[in-house]
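Subject: Structure handover

Hi,

Here is the structure I promised to pass on to you.

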Amino acid sequence: MRPKRKTSLQSSQDDTRPPFASPLDHKVQRAFSLDPRELWWNFVDAWEGRPALRRALLTCCALLVLFGIAWFWGYPRWTRHNAYRMAQQWIDAGRVRNAAEVVHEILATDAKNPEAWRLAAALARLRGHQPAAAGYSRRAADLAPERPDLAIELAADTLLVGRPEEAEKILSDLPPQNRAGSAQAQRVLGEIARRRFQLSAARDHFTSAIRLGGALPANELPLGLVLLNSTDPAERLRGAALLEKWTDDPVWGADAMRPLLSDALARDDRAVLRRWAEKLREHPRCTLGDVPNCLLALDRADPDRFATVLAGLKRTQAASSTQAALLLDWLNQIGRPVDAVRWAQTLPAKLATRAPVLVPVAESMRRAGDWSALESWIAAGDWTVDLELIRLAYAFEASRNLGLGSRQSEIWRTLQSAAVTNGARAFFTANLLYAWGRTEESLELLWIAAEQTGVAVEALGTLARHYQVQQDARGQYRVFRQLHSIRPADRDLANNYVFFAALLGLDLNKVRQLAEQNLADSPQNAVYRATAAFVLLTEERGRESLALLGPISATWRQSPAVAFAYGLALASQGQKTEARPILASLDPKTLTRHEVELIKRSLD
């Protein structure tokens with residue numbers, strides 16, 4: 001330590017200090033009289049002489065540094081973690097509005113985090129917006145391609161929006177151990193197999209899901225549903241037992257009872273019909289869509305109980321036009337249109353002759369075959385502009401069955417003219433006519449709707465399904481040509497257009513270019529490669545076609561498109577023995593008549 005010394009200035013001050021000056025006054029005066037160097041040395045002396053003070057100051061400095069780090073780094077992390085936890089809690093509790101606010105904030109501040117989009121997908125599922133959930137799941141999976149759990153969730157959401165092939169492809173891209181070790185992946189694979197009626201495969205996948213995820217309703221109910229459709233009595237009993245196990249569950253009970261009730265209806269098992277009908281009606285998750293099956297079950301199993309329940313419904317449902325329309329629709333669904341008409345006649349005229357009751361009463365009369373009453377009803381009803389096409393459809397049906405040829409023609413021309421100005425209503429009316437068996441008229445209205453923006457794609461989709469069922473290649477060609485013109489960037493639509501055009505020998509230059517472009521953009525897509533190879537076959541370039549199919553030829557058992565093109569390519573090169581089992585593997589019911597005929601010619 002530096003030795004202390006008295007300066008000349010201090011001596012002078014001490015000598016002149018007043019006799020009664022306080023020590024404090026002296027210290028203040030002395031402090032102000034020192035130069036900066038002297039002050040620094042005094043501070044060093046004090047610092048070295050007080051180790052406790054030194055430790056306290058160092059501790060405070062360390063705490064301040066740690067606080068700063070926590071504030072600028074730890075606090076934001078804690079805030080984000082808390083937001084994610086809070087959002088998940090709101091979703092688990094079913095609080096959509098609260099969850100939406102938190103998820104919106106998370107996406108605004110942390111959009112590059114896959115967990116943010118995972119939460120958005122969970123919220124969309126809670127809202128029932130499944131297409132949005134699939135989109136959000138894809139964002140999450142794209143942000144973290146190394147995470148198999150996100151890919152599996154994407155596959156599940158993709159399946160729920162009706163794209164089983166895409167869901168299967170997502171899972172097939174995962175390592176086998178990830179598929180085999182995930183209960184959710186096994187459920188998705190099981191559901192894909194069930195939809196394809198591959199019940200043995202579905203049973204095995206759902207059994208694996210139970211082994212991996214436990215005896216939970218999400219695992220056991222699908223297995224129960226599969227086993228209930230088995231032809232083996234023992235498996236049927238096991239399936240019924242698995243479903244019945246969960247019928248008292250407040251969340252899953254309705255899901256368990258629906259297949260049990262449907263199975264009893266299909267087998268006309270009256271011993272259990274009333275049990276499940278009554279129990280399902282009382283379940284808190286019974287929906288309006290469940291009511292017709294419950295009523296039909298009671299009608300078959302216990303007519304007296306059905307009459308009692310129906311009388312109660314007539315009293316309660318007459319309270320409003322919406323409820324009355326529901327009951328009329330239910331009676332139509334269970335095959336009691338005459339009862340529906342009788343009850344409608346007891347309703348006040350101002351309620352019965354207006355929407356929404358007006359239409360189900362007309363439907364009851366159509367189902368009952370009372371054409372004169374239907375014609376009178378159409379004339380008496382208050383048909384608004386929104387219902388004009390539906391009114392014309394019922395009038396057309398009545399005049400047709402009454403044999404009023406000239407009136408029928410007049411109504412049909414009016415219906416066509418009205419359809420040209422309103423595609424959405426034309427589409428709905430076309431579906432109505434299709435359900436009545438008026439296929440020719442329905443198709444005409446659908447093609448009218450297909451020319452109108454906003455409903456064209458939906459109308460063309462309906463037409464495509466019709467022509468697929470009818471095995472009509474020309475109809476499919478016409479549909480996909482128009483779909484391609486509406487959405488030229490959609491490669492799948494382009495591929496379908498190419499295939500049917502090539503099959504019919506139409507637009508060959510254009511479809512050759514499209515096939516080549518599709519293959520260049522997606523060289524790993526086996527379907528696009530098969531279509532390009534088929535185009536080469538139509539140009540009698542069989543050797544090139546066979547070479548193009550070489551990298552994927554071994555996959556023909558998994559892909560009907562590859563099997564079709566590969567079998568034809570082999571036959572074109574004289575290898576008919578090899579081609580025959582490949583082409584025989586194709587189900588003729590899934591092919592158009594042109595494809596079936598082409599296969600026959602290639603093997604002759």
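Below is what turned up, from the overall fold down to a few side chains.

A word on the source: this is a predicted model, so local features are given only where pLDDT is at least 70 and side-chain atom pairs only at pLDDT 80 or more, while totals for chains, interfaces and linings use all residues. Numbering starts from 1 along each chain as its sequence is written, and side-chain values use heavy atoms, with hydrogens and water left out.

**Overall**

The protein has 36 helices and zero strands; these are DSSP runs, with helices being H or I of at least four residues and strands E of at least two, numbered from the N terminus. Of the 604 residues, 42% are buried, where buried means under 20% relative accessible area, exposed over 50% and partly exposed in between (1.4 Å probe, protein chains only). The accessible surface is about 33300 Å², and carbon and sulfur atoms own 55% of that (Shrake-Rupley method, 1.4 Å probe). Among contacts (heavy atoms within 4.5 Å) with a separation of 6 or more, 52% join residues 24 or more positions apart.

**Aromatic pairs**

There are nine aromatic pairs. The rule takes rings of Phe, Tyr and Trp (its six-membered ring) with centres within 6.5 Å, and calls planes under 30 degrees apart stacked, over 60 edge-to-face and the rest tilted. One of the pairs, F480 with F500, is stacked, at 5.9 Å centre to centre and 5 degrees between the planes. F480 belongs to helix α29 (residues 473-486) and F500 to helix α30 (residues 491-504), so this pair ties together parts 20 residues apart in sequence. F480 is buried at 9% relative accessibility, and F500 is buried at 8%. F500 also pairs with F499: their centres are 5.3 Å apart and their planes at 80 degrees, so that pair is edge-to-face. Ring pairs link F480, F499, F500, F534 and F564 into a cluster.

**Charges over rings**

Here the cut-offs are NZ of Lys or CZ of Arg within 6 Å of the ring centre and within 35 degrees of the ring normal. R139 sits over the face of W117, 4.1 Å from the ring centre, and R478 over the face of W447, at 3.6 Å.

**Around L107**

W117 comes up again here. L107, in helix α5 (residues 96-109), is partly exposed at 22% relative accessibility. Beyond its neighbours within four places in sequence, L107 contacts A116, W117 and A120. L107 and W117 are ten residues apart in sequence, with their C-alpha atoms 7.4 Å apart.

Enjoy looking around!

Best wishes
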